[in-house]
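Student: I would like to learn how to read strands and nonpolar cores in a model. Could you take me through them?

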Amino acid sequence: MESIKLSTGEEFPLEMHKVRIVQKIELKPIDRRFAAMQEAGNNTFLLRNRDIFLDMLSDSGVNAMSDRQMAAMMVADDSYAGGESFFRLESVLQRVFKMKYFLPAHQGRACEHLLSRVLVKPGSIVPMNVHFTTTKAHIGLQGGTVLEIPADEAFNIASKEPFKGNIDIDKLKKAFAEHGKNIPFVRIEAGGNLLGGQPVSLANIKETSALCKKNGVPLMIDASLLQDNLYFIKVREAACKDKTVLEICNEVAACADIIYFSARKLGSARGGGICLNNDALYEQLKPLVPLFEGFLTYGGMSVKEIEAIAVGIEESMDMDMISQGPSFIRFMVDELVKAGVPVVTPAGGLGCHLDAKAFLPHVKQAEFQAASLAAALFIISGVRGMERGTVSEERNPDGSEHFSAIELVRLALPRRVFTMSQVKFVTDRVIWLFKNKDLVGGLKWRKEPNILRFFFGELDAVGGWQEKLVKKFKQDFGTGL
Ligand SMILES: *Cc1c(COP(=O)(O)O)cnc(C)c1O
């Protein structure tokens with residue numbers, strides 16, 4: 001539920017589910033958290049789960065599943081070809097997207113691989129509101145280039161714009177004029193992951209679709225974060241407030257020629273798929289599924305997961321279900337803003353994003369503000385976030401550091417996983433850290449791999465700031481927890 005008001009006047013979002021399976025987690029003492037962070041080279045990707053209290057690294061594959069999803073997994077139809085599980089998922093997708101064809105794939109990036117193989121050629125230019133890491137990589141592998149054209153407001157960290165994920169229509173017109181035939185499709189990511197889960201409005205999707213039709217170019221929608229985006233359209237877009245979630249979903253889908261999704265997010269399970277209407281394109285994509293994924297009726301997914309996705313997507317048409325993530329994130333963002341902590345606003349889907357440049361203005365970007373903040377937060381709270389800044393970039397061809405335009409620490413809120421008291425705990429510790437921010441210093445490379453350094457790289461604290469931070473924490477909290 002969006003929010004409930006207590007008799008004291010306090011308001012917060014209320015869980016519209018009860019917890020029936022639990023996993024024990026432990027809040028290790030700060031000395032252990034500090035040691036674990038050293039072992040992990042101050043890289044939160046290298047931590048082990050047993051040292052983590054609240055894992056806010058990602059929402060991928062870690063949303064909570066419902067009892068109905070678990071029950072459906074027990075009746076999955078395990079056959080190599082023609083299994084009923086596939087047809088159950090296909091019929092749910094037909095109801096929400098109303099498209100003729102469904103091709104399964106093992107996860108979102110596998111859909112991107114197949115689609116790029118068929119649609120992208122050397123010299124192709126693909127305009128989009130925002131890229132995702134795997135999308136850009138697959139388009140690049142086929143010799144294409146991503147043309148990112150979000151509205152200017154997308155890069156304004158503290159904003160009131162309700163749809164920061166919108167594509168810039170004027171820039172899209174210009175792209176059509178300049179690149180014409182080299183544009184194989186336009187892509188809209190709804191919502192924009194790397195923008196901080198910021199949504200796209202239905203009006204913007206409709207305008208983009210009309211422009212694509214006029215130019216004879218298909219519109220592709222990446223629906224991985226669609227459940228949050230549907231929620232934002234309903235609560236932020238006046239024209240849609242009386243529509244049901246299913247109606248909004250149908251309208252979004254009617255704008256697209258191709259929809260693909262990661263079911264590690266949409267559908268709260270693990271898998272993916274492509275939906276489309278075009279007969280010729282379907283015939284081109286079809287043979288690639290058994291070649292790279294698995295037979296046409298499972299596409300590399302376990303049939304149990306296929307059943308869980310079917311139920312999960314059906315459940316995503318329910319406001320109680322899809323409001324949980326965004327309303328918890330909004331609560332956290334509001335509390336942090338009240339305390340003066342710099343965060344990305346307005347609150348989006350996916351998670352709460354701390355603005356590390358403004359949080360740690362005294363730390364040089366060359367000493368990795370976002371990575372330093374992520375390390376400091378883990379040490380003082382056991383909360384694992386993800387660095388989205390310079391460490392996540394690659395060096396320039398001349399070997400110099402490529403500084404990221406923004407330095408963020410993402411605190412993902414996998415859907416229906418964390419309780420309100422856990423959210424309050426994280427919020428409190430972030431505020432404490434902000435009050436003690438002068439104790440946080442920078443990092444320098446200990447071991448820097450050539451590729452995917454953000455996954456495997458290890459760093460050391462510059463100077464003894466982490467020991468001082470631990471000491472201050474113990475003074476303030478006594479217990480070491
Ligand atoms: C996660 C994600 C993907 C990739 O999906 P995987 O299942 O992780 O391969 C693609 N697009 C968006 C917007 C995503 O959030």
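The dialogue below turns to strands and then to a core.

Tutor: This is a predicted model, in which local features need pLDDT of at least 70, side-chain atom pairs count only at pLDDT 80 or more, and totals for chains, interfaces and linings use all residues. Residues are numbered from 1 along each chain as its sequence is written, and side-chain values use heavy atoms, with hydrogens and water left out.

Student: Which way do the residues of strand 5 point?

Tutor: In a regular strand the side chains alternate between the two faces of the sheet. In strand 5 (residues 125–128), Ile 125 and Pro 127 point one way and Val 126 and Met 128 the other, and all are buried; buried means under 20% relative accessible area, exposed over 50%, and partly exposed in between, with a 1.4 Å probe and protein chains only. Strands here are DSSP runs of E of at least two residues, and helices are runs of H or I of at least four, numbered from the N terminus.

Student: How many bridges join strand 5 to strand 6?

Tutor: Strands of a sheet pair through backbone hydrogen bonds, either parallel or antiparallel. Four bridges join strand 5 to strand 6 (residues 145–148), and the two run parallel, where pairing requires that DSSP finds at least two bridges. Met 128 stands opposite Glu 148 of strand 6.

Student: Which residues touch the most other members of the largest nonpolar core?

Tutor: In soluble globular proteins, nonpolar side chains tend to be buried together. Among those touching the most other members of this 62-residue core are Leu 336, Val 341 and Leu 433; a nonpolar core is a set of buried Ala, Val, Leu, Ile, Met, Phe, Trp, Tyr and Cys residues joined through side-chain atoms within 4.5 Å. Helix 15 (residues 369–381) gives the largest share, ten residues.
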